[in-house]
Structures are given as C-alpha cells and as structure tokens.
Amino acid sequence: MLANLHHAFPEMPREWHARTAITSCRQRVENRFLAIALPFLSVRRLSVMMHLSEAAREKLGEIFSDRTPTVLAIPQIGAWELATVLPLACQHLEGRLAIPYKRIANGKLECWLRRGRERFGVRILRHDDGFVEGLSILQRNGAYGILFDQKHSTRGIRTTLLNRLTTVSELPGLLVERFDAQLVGLYTERISFWHYAVRIRLIESDADAVAVTIGLNRWLENLIRSSDSACGSWPWVQDRWDTDNLPRQAFHLNRKEVAVLPDQDLPRNRRLWIRLPDDLARTLRAIPVLRALRQSRPDGAITVLGRRPLLNLLRPSGLFESEIPLSEHGVNVRLLVDLQLKYPDVFLTLTDTARSDLEAWLIGCDHRFGFARSGQDRPLLTDIWKVPETLDERTLRETRFLQKFLAHFGMRADPDYSPIKVATALPSACRSSGPGRVIGLLCSTDGEPGGRWSIENWKTLAEFLVRTHADLHVLLLGSAHDRASIKTVVDRLDENRFTDLAGKTSLEELAGSLAICDLVIATESAGLHLANAQGVPVIGLYGPGNPIQTGPVFNAACRILLPPGCRITGGSPVSGIRPSSVMKAIERHLSRMVPS
C-alpha cells in the first residue's frame, strides 16, 4: 500500500503516505460493514446517509428520464455500496439498473449481501453468468453499473493510471460503443461515518471503445488527485499495477500495445534498479545491454547502484535517471534498509557475488533478478536464469552473455555498440604538439604476471614512435604503481614529444586524456575499454585473457594482438608479443589516418 502511494505521489512526505494509507484502510472496513448492515437500515436512515443536493437530484432525473442506454461508471471511492440505493433518489432507475458483482464463496453471506443490494429494485448480476442479462437491460434502454477500477489481471487495455502502467477493463468502452450509450460517473464523498454526499457527472466521450476507456481512466486519476479525501477513500491496498510483474516479460514492453491519449507520452517511472559490477571494464562491456534494456522497457526509470567513481564517470551517458553510490568497503546495512522506502519495482544484478545478492535482499524489492552458473546457489534472489551447461562462455562475448540473460526475462531489443559519452577532464599537464597526432600508451605493469608487458618493451615502442614520426606526441599513462618504471621511459625521450601522466590522473582525467588520442595501445585493462567506449581506436595486447569473451565491444577501430602460437581464446603470457608486431600494427593504423 505504501509502495503504491509512493509511486503515485513521490513528491509527498512519508507522513502523508502513512496517513492516507490508514484512512484508506479505515474507510474500506467502514464500507464493508455498510454492505452487511444495509438490510437493517430504514429508508429514512438511508435518505439521511445519502445526501443529494437539489441540483444533483435534478441532474440525476435529467440523465435517466430520457430512457437512453446508460453505462454507470462507479469508482471505488467513498461508499460505492450506496449505488444500489440510487432508486430512492431517482424513481426512473427503479427496475432499470443492473450492477454485476464478484461471487462470494460463503453462500450465506452472499445471500445476505444480495438481499441488501436488491432491496430497492437494482438487479445484482453475477460476473460469470449475468453479463447477457446486463446486455438485455441496455437494449431496453436501462442502466448498467460497473465498478470499473477493480483489478483486472492481464486482460483489458494496457494504459497508465497515476503515471504507472496497468491493465484496465475495456468493458465500459465496449458497451458505450455497442449501444451508443451515455457514460455517467457516480461516486460518493465521505462527510462523516456512514454519511456521504453523492456526486454524479455526465462524462463526454467519443464512441470509440479505446478512447472511452482511456478517458474514463483519466477521469478516475483526476478524481483521486482532486483532494486528500478522495485519495484516502480509494483502496490502495488493492495493487492495480502488479499485472506487469510476470518474470518472463519483466524486461519487455511493446510500446504499441499501450493506449494513451494523443498528447500523452509514456512516462518513465517503472523503477528498475541495476547493480553494476565493481570492475570498470565489466561495467563498460555491459553498457550496450543496458541501452537495449532502456529500449525494451520504454517506461523504465533506471537507477544504478555501484562505486561512486564509476557512477561519476557514467553520469553524462544518459543510461540512467538516478544513481546510488555504495560503500567501497563492505555492505552498509543501514543505507540499504533505508532504501526500502524508495520501493523499487525490479532489482537486477549484473554480477554473481554474494554481496550484490545481500544488497538486493536488504533493499526488500519483491522481484530480484540474477543468473546462476552450474553448481551456483543464489537463494536471496527471486528470479534466476540458470546458465545452460551447454553454453560455452569462452567463445561468447560477455555482452552477448548478458543479452541472453535479459532475453530470458523478456528483453527483445539488440545491444547498442555505439560509443558513449562519459565525464572527462583534461589534466593541466596534458599537452599535445599543436596540430600533430597523439598516441596514448597505457604502460600498466599491474595485474597477473602473465598479463604484464615489460617496461623494456614499452621503452622500445615509445622510442620507435618518437624516432619515426616527427608529428606524434606520446601520452604515457598508468597507475601510481607504474610511476617509477615509466620514469625510465621518460628519461630516453625528448620532453617536448611526450607527457607523463602516470599516477597523476583521476578517472575523469584518464578518460579525458584517452579521448584526445588518435590511437591507444594497452594491455587488457580498464583503460583499454574506456578508450574503446569513447570511440578511440585501440590496439589491445592480450595474453592470458580471452579477447573473445572480454575484448573491447564498442564500434571503434580495434586490433587485438596475441602472442605467437596462442589460441584465439587466450591463455599465453602477453610477454610473447614482440614490440615489432605492435609497431607494424601502429604503422598500419597510422597509414590509414588522414593527417590533421
């Protein structure tokens, strides 16, 4: 209930949500007792309980006196049970009004309720076998009442209610179209305990069934928003929006199937929370799939959770509406429990770590999606894609793996591999040689021994570039751990031909430095993927890593070099790549470039 109120009125304070929820529950109980007490109440008492102004009585008589087929749309606001007492106020309705109801399993209680509801000549029809009789009443120019805002599983028209996707009954619209009937809205406004003012309105609408249904839904939405009293009397405990939570369709929405008014856009407010990997390279490889998800769920408002530096970097990408930075060290239980009050609809984790599962569980989202490989157990998630044992991930791009994962839960759009925009800042020490070309060398010596390319190889490559290309400016990039070793490269170069940025850049400055390069050479690293993500041509030096599975994915010039004799899926030390092979690849790329 609180989740529904928070989705519908996110701008209202928590205290207002709680107060409205309590009021809604109280009035729902009050209405149930009224239904039970109806057979006991005298005509005089009912006349006092159901207040109609003179203007309302005249309007009621005017609407129903001309013997026109009428569809009476009754929302669950106030005491909708009093609709069965309307003939007391309008004699034209006696014997002409029929209202369907859901059958109750308790036979004695059903007979008792029916006795009170049919007391003044209203025909009470069962949903399962009374529809034909209702059509007959409309054919005789009678009135057919419908509680049109009840929950309707997956049948009906998909549209929005209070800016959220839902399924609504199209029965009122079909009846108006079929019988050319007038559409009348009827509801009651609570004054005090069992004392209500009756409100009635003739709703102007087209004869088209879909237009009538959408218009009636908008009337209900405006009515709920009109006052705290109307909002508090609507049954928020009845979740009108959970018809869109089938796991196999969680990440797909056919925009053409959603009926909205011509001047209305489909709002992005289905709360999709996505836990990003902690590793920058893995996150960048997931971005094409996140773009596909945005396309597949045009109503999705994406919130990403991850490390703060990573979120800062991706902020300009347009991939998400909001972000939640997570603790760098361990799980912040208090933060995650507090996030329960944000009421996400879906939590999707792109990692398979126990930490991400615990975070999803602590946030309390009802629908938590993840994947599990053979022998892996993820009990804290609710919906899991079991990775087929026949799937060979060594020959499958990681982005394609994630696409299969989301496709299992309905996503149908294809990944978008075009380069992205990230947060960049150009370091003050970064300078190029005027109009010349810039080559970036990511001289990282961190990581596994088999993945390191020796500093001697980087020296040889830098000297080659400076010696053979007078118009080239070299950017030397790396971490703080690489600073001492890169200094040995610097000592051999003309200071006007290079800029040493090793250990001197933030993540945004690294992105900015890579963005100005005409070519970047790097071993398998986050920097390699960051350059590729911005559309910068790269030469990747792979050895133990699998370039098919974890290679650069964005649409930009990319050349992968492997050691001689190495399998295409990797597995050999990167030190087997000779500097001469890298030089040839650089020359081949530079020869295709148009001089600046």
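This is a predicted model: local features need pLDDT of at least 70, side-chain atom pairs count only at pLDDT 80 or more; totals for chains, interfaces and linings use all residues.
The partner of tryptophan 16 is phenylalanine 9, and the two form an edge-to-face aromatic pair, with 5.1 Å from centre to centre and 65° between the planes. Phenylalanine 9 is likewise buried, since its relative accessible area is 6%.

Let me set beside this a second pair, phenylalanine 40 and tryptophan 112, whose ring centres lie 5.2 Å apart and whose planes meet at 50°, so that the pair is classed as tilted. This pair links distant parts of the chain, because phenylalanine 40 sits in the loop between helix H2 (14-37) and helix H3 (43-49), while tryptophan 112 belongs to helix H5 (residues 107-117), the two being 72 residues apart. As for accessibility, phenylalanine 40 is exposed, at 64%, whereas tryptophan 112, at 23%, counts as partly exposed.

In total, the model contains 18 aromatic pairs. Ring pairs also join Phe251, Phe369, Phe371, Trp385, Phe401, Phe405 and Phe409 into a cluster. One member of that cluster, phenylalanine 371, has arginine 378 lying over its face, 5.7 Å from the ring centre. A further arrangement of this kind involves arginine 178, which lies over the face of phenylalanine 179 at 4.9 Å from the ring centre.

A polar atom of the histidine 7 side chain lies 2.8 Å from the backbone oxygen of alanine 3. What does histidine 7 contact once its neighbours within four places in sequence are left aside? The residues in contact with histidine 7 are then Arg164, Asn269, Arg271, Tyr343 and Asp345.

Finally, consider alanine 286, a residue of helix H10 (residues 280-296) that counts as buried at 1% relative accessibility. If we do not count residues up to four places away in sequence, alanine 286 touches Leu350 and Leu402. The C-alpha atoms of alanine 286 and valine 553 are 9.3 Å apart in space, although these two residues are separated by 267 residues in sequence.

Conventions. Residues are numbered from 1 along each chain as its sequence is written. Side-chain values use heavy atoms; hydrogens and water are left out. Rings of Phe, Tyr and Trp (its six-membered ring) pair if their centres lie within 6.5 Å; planes under 30 degrees apart count as stacked, over 60 as edge-to-face and the rest as tilted. Buried means under 20% relative accessible area, exposed over 50%, partly exposed in between (1.4 Å probe, protein chains only). Helices (H or I, at least four residues) and strands (E, at least two) are DSSP runs, numbered from the N terminus. A charge sits over a ring if NZ of Lys or CZ of Arg is within 6 Å of the ring centre and within 35 degrees of the ring normal. A polar contact is a pair of N or O atoms within 3.5 Å; within protein, one must be able to donate a hydrogen and the other to accept it, and residues adjacent in sequence count only if both atoms are side-chain atoms. Contact means heavy atoms within 4.5 Å.
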